[in-house]
Amino acid sequence: MSREQLISRAVATTVEVVDGIKPDQLGAPTPCTEFDVRALVNHLMHWAPVLEGAGRKEQVAPPVESDDVTTDDWAAELTARLRATAAAWSTPESWEGATYMGGPDTMPAEVVGGMTLGELVVHTWDLAQATGRTPTWDDEVLEQVHRCLLPTAGMGRDMGIYGPEVPVPDDAPLLHRILGLTGRKP
């Protein structure tokens with residue numbers, strides 16, 4: 001699988017989980033301790049335009065995450081936004097050179113693409129845990145997320161994006177190693 005297909009494959013799993021969220025589950029706590037299901041859905045919805053813009057090499061201002069968008073048909077809207085993000089990252093050019101990530105400074109596009117992929121996988125797992133689902137991803141998706149997280153997880157912890165690393169055996173399933181790096185207990 002080419003890297004241009006990775007985000008699309010991750011989004012397919014996210015959509016499966018989102019489609020299964022029931023209205024009475026929106027208040028359920030997630031492993032991402034600062035978010036319940038509603039807040040995590042809002043987070044994904046608010047940041048999707050930034051992630052899509054990054055794939056198109058467009059600067060999109062970071063969102064104000066105070067609005068609750070889980071009204072009306074929020075699942076269909078989130079699905080559409082995530083699919084637009086996947087489409088933006090579906091070309092070789094999207095992964096090359098530099099791009100923006102919610103600010104005026106550029107970052108390597110490959111790093112931002114990896115961050116986007118990791119965000120989708122980890123937050124999908126968070127939503128699945130909160131709503132009783134068991135998501136699955138292609139090995140290649142998980143391998144790319146792990147490869148991208150290894151050199152950046154420490155920085156993510158320093159920035160408060162991830163909790164303290166949870167020790168996971170070296171021979172644990174790849175998803176468990178990813179979750180441990182992001183401060184989650186597999």
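Reader: How many nonpolar, polar and charged residues does the lining of the largest cavity have?

Author: Rolling a probe the size of a water molecule over the atoms shows where empty space is left. On a 1 Å grid over the protein atoms alone, a cavity is a set of points where a 1.4 Å probe fits but cannot get out, a pocket is an open set with protein on both sides within 12 Å along at least five of seven lines, and lining residues have an atom within 4 Å of a point. Here the lining of the largest cavity has six nonpolar, one polar and one charged residues, where Ala, Val, Leu, Ile, Met, Phe, Trp, Tyr, Cys and Pro count as nonpolar, Asp, Glu, Lys and Arg as charged, and the others, Gly among them, as polar. This is a predicted model, in which local features need pLDDT of at least 70 and side-chain atom pairs count only at pLDDT 80 or more, while totals for chains, interfaces and linings use all residues. Residues are numbered from 1 along each chain as its sequence is written, and side-chain values use heavy atoms, with hydrogens and water left out.

Reader: Which residues line the largest cavity?

Author: The lining consists of His43, Leu44, Trp47, Ala48, Leu51, Leu82, Glu119 and Leu120, and its largest share, five residues, comes from α2; helices (H or I, at least four residues) and strands (E, at least two) are DSSP runs, numbered from the N terminus.

Reader: Which residues lie nearest the centre of the largest pocket?

Author: Of the 29 residues that line the largest pocket, Met101, Met115, Glu119, Ile161 and Tyr162 lie nearest its centre, and α4 gives the most to this lining, with eight residues. The lining residues divide into 17 nonpolar, eight polar and four charged.

Reader: Which residues of α3 are buried?

Author: Buried means under 20% relative accessible area, exposed over 50% and partly exposed in between (1.4 Å probe, protein chains only). In α3 the buried residues are Trp74, Ala75, Leu78, Thr79, Leu82, Thr85, Ala86 and Ala88, and they pack against α1 (3-19), α2 and α4, contact being heavy atoms within 4.5 Å.
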